[in-house]
Amino acid sequence: MKTILIAIGGNSLIRAGEKGTVAEQTANTRRTAAAIVELIKNGHRIVVTHGNGPQVGADLLRSERASDQVPGLPLDVCGAATQGEIGYLLAQSLQNELQLAGLHVPVVSVVTQSVVSRDDPAMTHPSKPIGPFYSRFDAEERKRTLGWQIVEDAARGYRRVVPSPDPTEIVEQKVIRDLVNEGVLVIACGGGGIPVVEENGDLHGVEAVIDKDRASALLASELGVDIFAISTDADFVYLDYKKPTQRPIFRVTAGEMKVYLQAGQFPSGNMGPKIESALRFLRAGGREVIITSFEHLLDAVRGTAGTHIVSDGISEDAHKVEEVAVHV
């Protein structure tokens, strides 16, 4: 039995062109759950993490627009709320699909906190856009009254940015480990976890957003899973993406993937953070990362689909590496 941590991408919750209604998200989580249950039917133990970008943005907007009637919510509390919201939808979908399959696997969603450092350089250099777009006047007003950091998007307006520090510890890691060892399907680290700092033994939430894949890589390392799977909207990782010479990567070592990353093959706004998180997991002792769409998860775990990144310590006899040239 292999233990697989699956980091679910945003397309598994809200697909392109959708508004993000509860009905739409429920339908999407049901399809995602069906793919996960297929892995369980094949004898694998699963841990699920997920993003929350659109949902936390919507929560912030609701909080802001209702602030004249009820107290507004800080970003960490909105993160906690959306963890519960998405965790509920995922857990229910998984329970329904497990029941259909005749499988008796308990499911639980754990609202998770991720420790960050106040000394992280990202804390003084906010870079992660969140929430809606504003006019210049409205943005300046919020900057003045709320102390927000604002950036301009020439095409769409102005937007708030917050820090995106690296997670250093998953607070609930031991609880999650114990649940997984007991055969529970755990949903955790929603949206990268609620960012908290530790001060004099106490935990305090901070106004920040943690990259979901970074937190997922950390949790996967702490749990010692066999496979870290990143579910995205692409079947493969591609070299020369959207160029005439575009081609998929099937199987590659961490060292080779690092070369591609440093050559600029994976932009920071696209596949870059996922590749960086994959390499972090492998550097920490992990053996294999899979990146593919959720529709191809089962075939990818079987080795017939998706991009597989393996530790440099794994011989090519065990994993034949497809030779690919770098074009930048």
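Of the 328 residues of the protein, 50% count as buried, where buried means a relative accessible area under 20%, exposed means over 50%, and partly exposed lies in between, as judged with a 1.4 Å probe and with protein chains only. The model is a predicted one, in which local features need a pLDDT of at least 70 and side-chain atom pairs count only at pLDDT 80 or more, whereas totals for chains, interfaces and linings use all residues. Residues are numbered from 1 along each chain as its sequence is written, and side-chain values use heavy atoms, with hydrogens and water left out.

The protein contains 9 helices and 17 strands, these being DSSP runs numbered from the N terminus, with helices (H or I) of at least four residues and strands (E) of at least two. The radius of gyration is 20 Å, close to the 20 Å that the globule rule gives for 328 residues, so the protein is as compact as a globular protein of that length; the radius is taken over C-alpha atoms, and the rule is 2.2 Å times the number of residues to the power 0.38. Along the principal axes, the C-alpha atoms fill a box of roughly 60 × 50 × 45 Å. When contacts (heavy atoms within 4.5 Å) are taken between residues at least 6 apart in sequence, 74% of them join residues at least 24 apart.

The accessible surface comes to about 15700 Å², of which 50% belongs to carbon and sulfur atoms; such areas come from the Shrake-Rupley method with a 1.4 Å probe, and for residues only the protein chains shown count as cover.

A disulfide is a covalent bond between the sulfur atoms of two cysteines. With a disulfide taken as a pair of cysteine sulfur atoms within 2.5 Å, the structure holds 0 disulfides. Cys78 is in no disulfide, the nearest cysteine sulfur being that of Cys189 at 19 Å, and Cys189 is likewise in no disulfide, with the sulfur of Cys78 as its nearest, 19 Å away. Cys78 counts as buried at 0% relative accessibility, and Cys189 is buried with a relative accessible area of 0%.

Several loop positions can be described individually. Ile14, in the loop between β1 (3–8) and α1 (22–41), is buried, with a relative accessible area of 17%. Leaving aside neighbours within four places in sequence, Ile14 is in contact with Gly20, Gln25, Asn28, Pro54 and Gln55. Between Ile14 and Val161, which are 147 residues apart in sequence, the C-alpha to C-alpha distance is 22 Å.

Asn200, in the loop between β10 (194–199) and β11 (202–205), has a positive phi of about 55° although it is not a glycine, and at 83% relative accessibility Asn200 counts as exposed. A positive phi, near 65°, is also found for Lys242, a residue other than glycine, which is placed in the loop between β13 (237–239) and β14 (247–249) and is exposed, with a relative accessible area of 68%.

Pro267 lies in the loop between α7 (254–262) and α8 (272–283) and, at 44% relative accessibility, counts as partly exposed. Residues up to four places away in sequence not being counted, Pro267 touches Gly272 and Pro273.
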